[in-house]
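Hi,

Here is the model I promised you, with my notes below it.

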Amino acid sequence: MRLRRGHLRRPIAAGLLALLLGSFVLMGLAPAAAAQEEPEAITVFGVLQDPQSGPIEGATVLVRLDAEVVGEATTGPDGSFEIPVPGAGTYAVELDTETLPEGVSLRQPDRSVLDNVRVLDGRDKRVNFSFGTPAETADESLPTGNRYVNLTWSGIVIGLTVALASIGLSLVYGATGLVNFAHGEMVAFGALVAWFFNDRSIGPVLSLFIAGALAVVASGAFGAAQDMALWRRLERRRLSLISMMIVSIGLSMFLRYLFAVVFESSPRPYRQFAAQPPWDWGPLVFPPKQLAVVAISIAVLVVYALAMQRTRLGTAIRAVSDNRDLAESSGINVTRVVLLVWVVGSGMAGLGGVIYATLNSVEWDMGFRLLLPIFAAVILGGLGTAYGALVGGLVIGLVSELSTIWFPAEFKFAWGLAALIIVLIVRPQGILGEPERVG
């Protein structure tokens, strides 16, 4: 009996999706199973670094449980310390300030003891102490030139991150017409997968660069599985785009709370680059990881632009986005192009999540919080256009950061959305969008 190719693809796609979700759940369950077989020591760890002098060597850190010292360590040449603790519980972590080198002090002198440090079963706990000029004597206001330069730089960094995360949403909408509300969870998926491979408590402790690359691959595979197992089937059943959008909202909620159950709700930084002494380039002061983020983002965006303009795949994607029926009648395999769009778009979303988490920390709902800026960037740049998300992301990032010069920081994304409204009043199709004839 001959099996049609479509009959084989459906179980393969469903199996791939189930395998990805199952392995994702097992990431969270693995520590508990391992703890039952062979209990491993739980540690409190961290790195002490001064913004001026760098790693702090020879400082003493103590861990107390009910006022009793249960562990103690001295920082090494790289400023790191690691203290085993008896088990899960709430501890107090104390830095002995008398052991600090001369000229090094806490930014908040009353924070030498961190109370209520919660250690979970089977997971190491990272703690951070902030060093520098004491907050009460520091001059918090930078000179005007410095502030403009630093906020412009921060806007570029945030804009590039949002642009990377937005490109996939724009690509999928252009190729399929689907407004995918689960795109934010793809951003969080990439960050969480990278954290798993990079974390010291449950993962294989790989370099963040390798972990990030694996996260991009896993995100692309997850996007392909979604297309083959879900979206393609719904499209063949002639489900309306509105109904598919509602399905994406349900998928978004399912994935978000799956992340919360598996990885729990506490923020987790990556093992590397969590604390870095800043570089001082005249009026510009920033941690080195921001320069790496900008370099990686620009390199990826340049490769993306060249691929869209100079490769057959890029031409096919642009053709499908412009007119799907005409592209199909011209001999383009639209189904395959849409699959590749899901792979590329999801991979870019995963990379955006890794970069955003490198600048901040990994959280289960980070994709949901980024979803509004992502949508704003896509609409501002021009919905469905190849480069609109890049332009829109930069505009949102710059306006949001520069607005903090005159307004409270809590409202910065509101001003980014205000810029979106103003641009759409003047140019309804977005900055790079094409006007459409109605009627």
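This is a predicted model: local features need pLDDT of at least 70, side-chain atom pairs count only at pLDDT 80 or more; totals for chains, interfaces and linings use all residues.

I242 is exposed, because its relative accessibility is 57%; the classes here are buried for under 20% relative accessible area, exposed for over 50% and partly exposed in between, using a 1.4 Å probe and protein chains only. I242 is found in helix α5, and its C-alpha atom is separated by 10.0 Å from that of G177, 65 residues apart along the chain.

Residues are numbered from 1 along each chain as its sequence is written, and side-chain values use heavy atoms, with hydrogens and water left out.

Now the whole protein. Its secondary structure comes to 12 helices and 11 strands, taken as DSSP runs (H or I of at least four residues for helices, E of at least two for strands) and numbered from the N terminus. There are 439 residues, of which 44% count as buried. Among contacts with a separation of 6 or more, 72% are between residues 24 or more positions apart; contact means heavy atoms within 4.5 Å.

Back to α5, which covers residues 241–263. R256 also sits in this helix, and R256 counts as buried because its relative accessibility is 9%. Beyond its neighbours within four places in sequence, R256 touches E185, W364 and F368.

What does α5 pack against? Helix α4 is one partner: the two pack at an angle of about 140°, with axes 12 Å apart. Axes here are lines fitted to C-alpha atoms, for helices over the stretch in contact, and angles run from 0 to 180 degrees between N-to-C directions. That makes α4 oblique to α5 (under 35 degrees is roughly parallel, over 145 roughly antiparallel, 65 to 115 roughly perpendicular, and the rest oblique). The crossing is right-handed, meaning that the near helix is turned clockwise from the far one by less than a right angle, with anticlockwise being left-handed. On the α4 side you'll find F222, Q226, L230, W231 and L234, meeting M244, V247, S248, L251 and L255 of α5. By class, that gives 8 nonpolar, 2 polar and no charged residues (Ala, Val, Leu, Ile, Met, Phe, Trp, Tyr, Cys and Pro are nonpolar, Asp, Glu, Lys and Arg charged, and the others, Gly among them, polar).

α4 (residues 208–236) also meets α3 (residues 183–198): their axes come within 8 Å and cross at roughly 140°. That makes α3 oblique to α4, and this crossing is right-handed. The residues involved include M186, F189 and G190 of α3, and L208, A211 and G212 of α4. The contact of α3 with α4 has 11 nonpolar, 6 polar and no charged residues.

R318 counts as partly exposed, because its relative accessibility is 27%. Leaving aside neighbours within four places in sequence, R318 is in contact with M308 and Q309. A polar atom of the R318 side chain lies 2.8 Å from the backbone oxygen of M308. R318 and A175 are 143 residues apart in sequence, with 8.2 Å between their C-alpha atoms.

Cheers

Key:
A polar contact is a pair of N or O atoms within 3.5 Å; within protein, one must be able to donate a hydrogen and the other to accept it, and residues adjacent in sequence count only if both atoms are side-chain atoms.
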